Amino acid sequence: MRGLWNSDEAARHSGELALRVYSSQLLGRDPSLVLHGGGNTSVKLREVNVLGEALDILYVKGSGWDLATIREPGFAPVRLDHLLKLATLESLSDPQMVSELATHVVRAGAPAPSVETILHAILPYPYVDHTHADALLAVTGTADGARRVREIYGDDVVLIPYVMPGFDLARLCAREFPRQAHAGTVGMVLLNHGIFSFGSSAQESYQRMIALVARAQAYLETNRAWNLPPAAVTVPTAGRQDIARLRRDISACAGYPVVFAIHGDAKFLAFAQRADVAQISQQGPVTPDHVLRTKRVPMLGRDVGAYAAAYRDYFARQAARARQPKIMLDAAPRVVLDAGFGLGCVGRSAREAAIVRDIYSHTIDVILAATALGGYRALPEQDIFDVEYWDLEQAKLQKTGAPRPFAGEVALVTGAASGIGKACVASLLARGAAVIALDINPDVATSFQQPEVLGLCCDVSVAGDVSRALESGVRAFGGLDLLVLNAGIFPGGKRVAELSDQEWRRVMQVNLDANLTLLREAHPLLKLALRGGRVVIIGSKNVPAPGPGAAAYSASKAALTQLARVVALEWGADGIRVNTLHPNAVFDTGVWSDEVVVQRARHYGLSVADYKTNNVLKVEICSRDVAELAAEMCGSLFDKTTGAQLPVDGGNERVI
Ligand code: ZN
């Protein structure tokens, strides 16, 4: 554990709030301290309001902000005197508490203060830092965690037993802190939850946090329970069809499509293959902070029905005990451990699945350390349930709006690095899909910098490339629901009299044969799509209205259209819809340079503007127009349409 405080960097932050931002970001930089919005920080400042009155204000992390990227507007200013009065109440429901916090913020438009705000208020120091450090969770996630905390820290820290986050925890700390604290107190440990540090400056509070966590790590190292070498693993056996089938079962159980990301790295594979995996993975999460994203326990193996039944039992058992009626969450797992593939992470988006991966990766670190220390022990089931079915979370659940139409679905687009293909990626992403983007241009691997896109360099006319791309795509997102066949080539205009066999074959190979391969290989995956597979073929106006000089191109697109019609007939029984678009004169693609457009316009004796809008509606057709229609054809508007051909050409007299 190394502190990151840098005096030069710190000197660039002037003011107490700016330094609060700086040291919060330092905490956020270390995922073994806080992960994805976990942890929170605060500073107490005296300010003068418009009436000239001096007020004590607690600036505390607002919800929705991540410590790694927080800025000054991410801190909610709350009246400190009111918070201190709240802390003396005998009881306050969590919804009431949230309301009290929201109504005592002194800046319009500030984010909602963290639910741990009162805890920050009662600690009598200007700066307060709170993390869910892995090392602390490992030490306290054992049968005799409290004894170990005393062994590590003596009475340098205040020790608080586990209580669910919220008002009751704040009230307990308000009572316990003055009882245990003394001049040498530097922190507060919350069993099975995390740790607080505090100080008179941002630097002091931050450095105390680092020093406290370092002491826990040193203790783990002394006990040979930290940085354990990964165990030997056997080669994973699950193939893409196994994974896609499992994703289908999980989606069906959830009631909506999910992204299912596979991680077969040695760390995850070794954990999933441990002889004692059932014993150590089925106890529960390492901190309440993780419950909502990872569910109570991971699924072991591939029997979703059995997992869901066990989850329903857990809910029935605990809901009967709860004071408030509860709405059951879906019974699908969020984490899957399987000796045949390692770790599988479930999310409504690739981003969500990546968060689950990060959290479970740290969960593994904590569980392994606690196991090496003498035995991992999670919170009792009812404490976990109280967090999972917390009133505040249940209220959020009722408020959540409708997800985007393709949320949780996986699309594959060929020719995705430019033009219509690139626009299709954007249109599918905008509707919530994860996208496997293929292109022969290697730039595709780096041009989409986001977790929702897997860019793969792939020559679709090489069967081995296609198969490998599908394998990688399924490992990244779990399966395939939507397929947009767009890749194609358009060699320069040649009359049939000059057309070589070689050129004819090359055009057929890319525009036709490659699509047959991809359709055939994708079929078993598309069959598993929860809402039925959807295929969109990018054809051409040249199919209904060919022109001279493009025999190979026109013939290849006509054959592709016919292939699509046959596929629509054959796959209807599998619930797969196959439709074709015929764009024309889309000039913002790789095929058309400005120079070529000028040349062609001159050839027809037209201005560039007239040439670009040379259609019935006198409109210009852009890649985006084609992409939006392709995406819509995958949506519910076209639920009952297959085998159709639709022009997107501004109206063409020969086609009409
Ligand atoms: Zn916390």
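Reader: How many bridges join β12 to β13?

Author: In this predicted model, 5 bridges join β12 (residues 410–414) to β13 (residues 434–439), and the two run parallel. Strands here are DSSP runs of E, at least two residues, and helices are runs of H or I, at least four, numbered from the N terminus. Two strands pair if DSSP finds at least two bridges between them.

Reader: Which residue in β13 is the bridge partner of Val413?

Author: Ala437.

Reader: And what order do the strands of that sheet come in?

Author: The open sheet has 7 strands in parallel pairing, ordered β14-β13-β12-β15-β16-β17-β18. At the edges, β14 (453–457) and β18 (645–648) each pair on one side only.

Reader: Which helix packs on the sheet?

Author: Helix α18 (residues 419–430), whose direction makes about 170° with that of β12. Angles run from 0 to 180 degrees between N-to-C directions, with axes fitted to C-alpha atoms, for helices over the stretch in contact.

Reader: Different topic. Why is β2 largely enclosed?

Author: Strand β2 (residues 54–61) is largely enclosed by the rest of the structure because 6 of its 8 residues are buried. Buried means under 20% relative accessible area (1.4 Å probe, protein chains only).

Reader: Which residue stands opposite Asp56 in β2?

Author: Arg46. Strand β1 (residues 40–48) and β2 pair in the antiparallel sense over 7 bridges. In their hairpin, with 5 residues between the strands, Gly52 takes a positive phi near 85°.

Reader: What does β2 join through 5 bridges?

Author: Strand β3 (residues 75–79), running antiparallel. There, Val60 stands opposite Ala76.

Reader: How are residues numbered, and what pLDDT do local features need?

Author: Residues are numbered from 1 along each chain as its sequence is written. Local features need pLDDT of at least 70 and side-chain atom pairs count only at pLDDT 80 or more, while totals for chains, interfaces and linings use all residues; side-chain values use heavy atoms, leaving out hydrogens and water.

Conventions. Contact means heavy atoms within 4.5 Å. Buried means under 20% relative accessible area, exposed over 50%, partly exposed in between (1.4 Å probe, protein chains only).
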